[in-house]
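Me: Can you walk me through this model? I'll ask as I go.

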Amino acid sequence: MLLKALLNAGRITDADVVEWLGQLGIHTAEHTLLLISDGDYPHDKGAPPRERFDVLYQQLLTVCAAPPITGTALLDHLVHFHRVISTACKGLDRLLGGGVGSGQIT
């Protein structure tokens, strides 16, 4: 997810940190989460304080992280909600084990 899109949507709030990260070539939430979770806080002159990165990290976790799910809940979901959709091509359906599973193409 692009940081600027999340900022425009109000999902994250620190425009200065987003701008600063953009100058470093960091434009996505995923890249930012990897950077911050590795403890690799930028220490360059002019870098925002670490506390602001911590706030951004927490905001990004709420946007990007899927809620925890147990194995039982995942199996239940797959058994009850997974559907196989035909591609309308018999050869391709055979190759795919009956068609394309719901949620496999986004």
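Me: What radius of gyration does the chain have, and what would a compact globule of 106 residues have?

Reply: The chain has 20 Å, whereas a compact globule of 106 residues would have a radius of gyration near 13 Å. The radius is taken over C-alpha atoms, and the globule rule is 2.2 Å times the number of residues to the power 0.38. The C-alpha trace spans about 60 × 30 × 25 Å along its principal axes.

Me: Ground rules before we go on?

Reply: This is a predicted model, where local features need pLDDT of at least 70, side-chain atom pairs count only at pLDDT 80 or more, and totals for chains, interfaces and linings use all residues. Residues are numbered from 1 along each chain as its sequence is written, and side-chain values use heavy atoms, with hydrogens and water left out.

Me: How many helices and strands are in the chain?

Reply: Six helices and two strands, running α-α-α-α-α-β-α-β from the N terminus on. Helices (H or I, at least four residues) and strands (E, at least two) are DSSP runs, numbered from the N terminus.

Me: Which residues have the most contacts inside the largest nonpolar core?

Reply: Leu3, Leu6, Ile12, Leu21, Phe53, Leu56 and Leu60, in a core of 17 residues. Helix 1 (3-8), helix 2 (15-23), helix 3 (29-37) and helix 4 (50-64) each give two or more residues to this core. A nonpolar core is a set of buried Ala, Val, Leu, Ile, Met, Phe, Trp, Tyr and Cys residues joined through side-chain atoms within 4.5 Å. Buried means under 20% relative accessible area, exposed over 50%, partly exposed in between (1.4 Å probe, protein chains only).

Me: Helix 2, then. Which of its residues are buried?

Reply: Val17, Val18, Trp20 and Leu21.

Me: What do the buried ones pack against?

Reply: Helix 1, helix 3 and helix 4, with contact meaning heavy atoms within 4.5 Å.
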